[in-house]
Amino acid sequence: MAPAGPRSEPTQSAADAAASWVISAKGEAQKMYLPSMRSTNTEKLSANEIKARADYLTKQRDRLLAMKKEGRTQQLIDFEQTQAVMGKRPQSSKAAKSAMSGRGPQQGLDEQTYAMRVALAQKLKTEVVGKNSE
């Protein structure tokens with residue numbers, strides 16, 4: 001099949017085309033980095049350069065972690081606000097949180113219901129642990 005168009009270049013095989021693309025991509029990637037960042041050989045870098053780079057990367061990591069934490073906090077605030085507008089949170093999550101924290105029954109929950117939930121949780125726990133240990 002003849003090439004479509006007035007190209008006079010010989011056609012390359014798929015492997016040759018892929019190899020030439022990889023070489024050109026590596027060249028472009030090397031141009032994008034600063035000359036001081038291209039070298040990964042730490043023997044050529046001075047102690048001050050290594051320390052400066054470590055400090056820079058630490059600051060960048062801390063900045064990213066702070067941004068993620070702020071985003072999660074904002075998401076939680078937004079979620080809580082939408083839940084407040086829509087109504088109360090589901091009772092099951094409140095019950096689960098109080099059970100996990102070790103507190104007693106929540107307000108409005110009688111002792112018998114709470115005792116039943118605790119007994120059920122203990123039974124399920126022993127069944128699951130019992131199956132895992134066999």
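Relative accessible area sorts residues into buried (under 20%), exposed (over 50%) and partly exposed (in between), with a 1.4 Å probe and protein chains only. The structure is a predicted model, in which local features need pLDDT of at least 70 and side-chain atom pairs count only at pLDDT 80 or more, while totals for chains, interfaces and linings use all residues. Residues are numbered from 1 along each chain as its sequence is written, and side-chain values use heavy atoms, with hydrogens and water left out.

The chain contains five helices and zero strands, where helices (H or I, at least four residues) and strands (E, at least two) are DSSP runs numbered from the N terminus. Along the sequence the order is α-α-α-α-α. Confidence in each residue is expressed as pLDDT, the predictor's score from 0 to 100. The average over the chain is 75, and 62% of the residues score at least 70. Among the elements, the lowest mean pLDDT, 52, belongs to helix α2 (residues 35–38), and the highest, 88, to α3.

Of the 134 residues, 4% count as buried. The accessible surface of the chain amounts to about 12,400 Å², as given by the Shrake-Rupley method with a 1.4 Å probe; for residues, only the protein chains shown count as cover. Carbon and sulfur atoms account for 60% of this surface.

Side chains of opposite charge can pair when their charged atoms come close. With a salt bridge taken as a side-chain nitrogen of Lys or Arg within 4 Å of a carboxyl oxygen of Asp or Glu, the count is two. One joins D55 and K51, with an N to O distance of 3.4 Å. Both residues lie in helix α3 (residues 47–86), where D55 and K51 are four residues apart, about one turn of the helix. D55 is partly exposed at a relative accessible area of 36%, whereas K51 is exposed at 53%.

The other salt bridge links the side chains of D62 and R61, at 3.2 Å from N to O. D62 has a relative accessible area of 38% and is partly exposed; R61, at 46%, is likewise classed as partly exposed.
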